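Here is a short report on one protein model and its ligand. Please read it alongside the sequence and the structure.

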Amino acid sequence: MTDSAREADVIVVGAGPAGSTTAYYLAQAGLDVLLLEKATFPRDKICGDGLTPRAVRQLIAMGIDIDAPGWIRNKGLRIYGGGVKVELPWPELASFPDFGLVRARTDLDEILAERAVTAGAELLQGTNVQAPIIDERLDRIVGVTAKRDGAEVEYRAPLVVAADGNSTRLSLAMGLRKREDRPMGVAVRRYYTTPRHDDDFLESWLELWDGDRLLPGYGWVFGVGNGTSNVGLGLLNTSGSFQNTDYRAMLRRWTAGMPPEWQFTEEFATGPIRGAALPMGFNRQPHYTRGMLLVGDAGGMINPFNGEGIDYAMESGHLAADIIVQALARPTAAQRERALYQYPRILKEEHGGYFTIGRLFVQMIGNPRIMSFLTRHGLPHPTLMRFTLKLLANLTDPRDGDAADRVINAMTKVAPAA
Ligand SMILES: Cc1cc2nc3c(=O)[nH]c(=O)nc-3n(C[C@H](O)[C@H](O)[C@H](O)COP(=O)(O)OP(=O)(O)OC[C@H]3O[C@@H](n4cnc5c(N)ncnc54)[C@H](O)[C@@H]3O)c2cc1C
């Protein structure tokens with residue numbers, strides 16, 4: 001089997017947003033890239049399908065045609081809470097567009113994988129990676145074994161990128177456990193046929209009511225533009241109800257209280273309620289070890305403030321690729337390692353302080369009384385809410401920003417990155 005093992009410069013395991021972005025930038029730089037995906041496109045991924053301006057910037061950078069049919073734009077965030085409804089437009093910034101998008105992951109992930117292939121990556125679908133191949137002498141990963149068409153196959157490369165999502169079997173096999181001191185979310189979602197499908201705001205519900213009973217957690221309604229909306233809710237492990245909640249029942253109870261003309265009822269559901277975990281705040285580290293880099297959910301990169309993970313998956317994929325390209329051009333092993341260790345350092349520089357504040361924030365709002373106080377007293381204040389939107393969605397200008405940008409940038413700079 002070893003004789004027939006396919007060799008490449010880099011193996012990327014998983015073709016979600018993290019893996020496809022990594023493969024795209026690696027291939028663009030001329031490297032021989034193997035992108036291994038266990039599923040076959042189009043495949044579903046449990047998600048809210050919401051893309052903030054931060055994520056839109058990444059899509060534009062990859063040359064995705066966001067003017068093509070199928071993309072639905074949004075102008076900002078509509079928040080329900082404390083008995084009020086507030087609409088906050090995305091901020092006007094030099095660094096980011098002033099609109100977000102929604103696209104079902106069945107489409108989005110296939111589009112991103114196709115971009116990687118067009119750039120020159122070889123995508124092998126239906127290829128379920130089983131384990132790392134370790135060179136015992138070097139104590140490094142030098143490839144992976146996989147199941148493909150019922151057979152066991154080997155792929156070899158000097159560098160492997162774990163982009164295999166929250167479950168990241170590859171990182172586990174390399175001995176990387178998740179950190180228990182990081183927030184974790186669980187969320188469920190369902191699609192409904194609805195007249196609200198072309199909503200031009202992302203909608204966030206800070207309070208979920210079942211009659212006059214307040215349910216734990218937060219909800220969203222994102223119009224997908226294809227006749228359906230993605231309706232879901234989630235809970236953080238900082239909440240006292242995290243362990244013993246029936247999420248599916250909670251979604252039904254919450255949507256039962258909504259206006260009937262929205263059609264968020266059983267008869268208009270287009271599929272089952274499905275749920276998954278959200279690993280946040282760098283919950284798996286180190287992000288580089290022994291020939292393997294972690295990108296996206298594999299490295300626990302979801303923003304604790306707002307549950308956004310697609311952007312951070314793409315940003316980390318882009319950064320990992322840039323660093324790999326530089327590292328592989330170095331003549332000695334020691335120089336290559338030095339270059340590769342920049343990856344976790346730069347990631348922390350870019351997001352570590354912000355994620356630390358995010359962790360404090362979710363600890364705070366895990367207390368329902370604090371959350372209720374903030375909702376009731378914060379939402380009616382437009383200036384405060386504009387600041388909060390910038391903070392929650394990580395949207396500031398690094399230079400020449402306004403006072404809110406300067407405060408947020410200063411806070412994230414002084415917060416320790418861990
Ligand atoms: C309910 C819910 C709602 C969410 N809503 C939003 C939202 O609205 N906006 C947002 O930005 N983020 C949202 N997120 C987070 C977002 O879904 C993730 O952060 C994002 O998918 C991470 O991308 P990724 O590429 O790292 O991982 P994934 O998207 O999970 O991709 C991993 C890929 O690896 C493949 N794979 C796994 N194991 C193997 C293996 N052994 N061999 C080969 N391939 C393998 C999988 O099939 C998959 O294609 C939500 C998450 C949940 C659970």
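## A methionine at the surface

Met-364 counts as partly exposed because its relative accessibility is 37%; buried means under 20% relative accessible area, exposed over 50%, and partly exposed in between (1.4 Å probe, protein chains only). Met-364 sits in helix H8, residues 342-365. Helices (H or I, at least four residues) and strands (E, at least two) are DSSP runs, numbered from the N terminus.

Areas come from the Shrake-Rupley method with a 1.4 Å probe; for residues, only the protein chains shown count as cover.

## Basis of the model

This is a predicted model: local features need pLDDT of at least 70, side-chain atom pairs count only at pLDDT 80 or more, and totals for chains, interfaces and linings use all residues. Residues are numbered from 1 along each chain as its sequence is written, and side-chain values use heavy atoms, without hydrogens or water.

## Around the ligand

The ligand is surrounded by 36 residues, each with a heavy atom within 4 Å of it. Among the closest are Glu-37, Arg-43 and Asp-297. The shell divides into 17 nonpolar, ten polar and nine charged residues. Helix H1 (17-28) and helix H6 (310-328) are among the elements that each supply at least two of its residues.

A polar side-chain atom of Asp-297 lies 2.7 Å from a ligand oxygen. For Lys-45, a polar side-chain atom is 3.4 Å from an oxygen of the ligand. Taken alone, the ligand exposes 1,000 Å², and the protein buries 94% of that.

## Two buried residues

Gln-285 is buried, at 15% relative accessible area. Gln-285 lies in the loop between E20 and strand E21 (288-289). The side chains of Gln-285 and Lys-348 make a polar contact of 2.9 Å; such a contact is a pair of N or O atoms within 3.5 Å, and within protein one must be able to donate a hydrogen and the other to accept it, while residues adjacent in sequence count only if both atoms are side-chain atoms.

Lys-390, in helix H10 (residues 382-393), is buried at 8%.

Key
Ala, Val, Leu, Ile, Met, Phe, Trp, Tyr, Cys and Pro count as nonpolar, Asp, Glu, Lys and Arg as charged, and the others, Gly among them, as polar.
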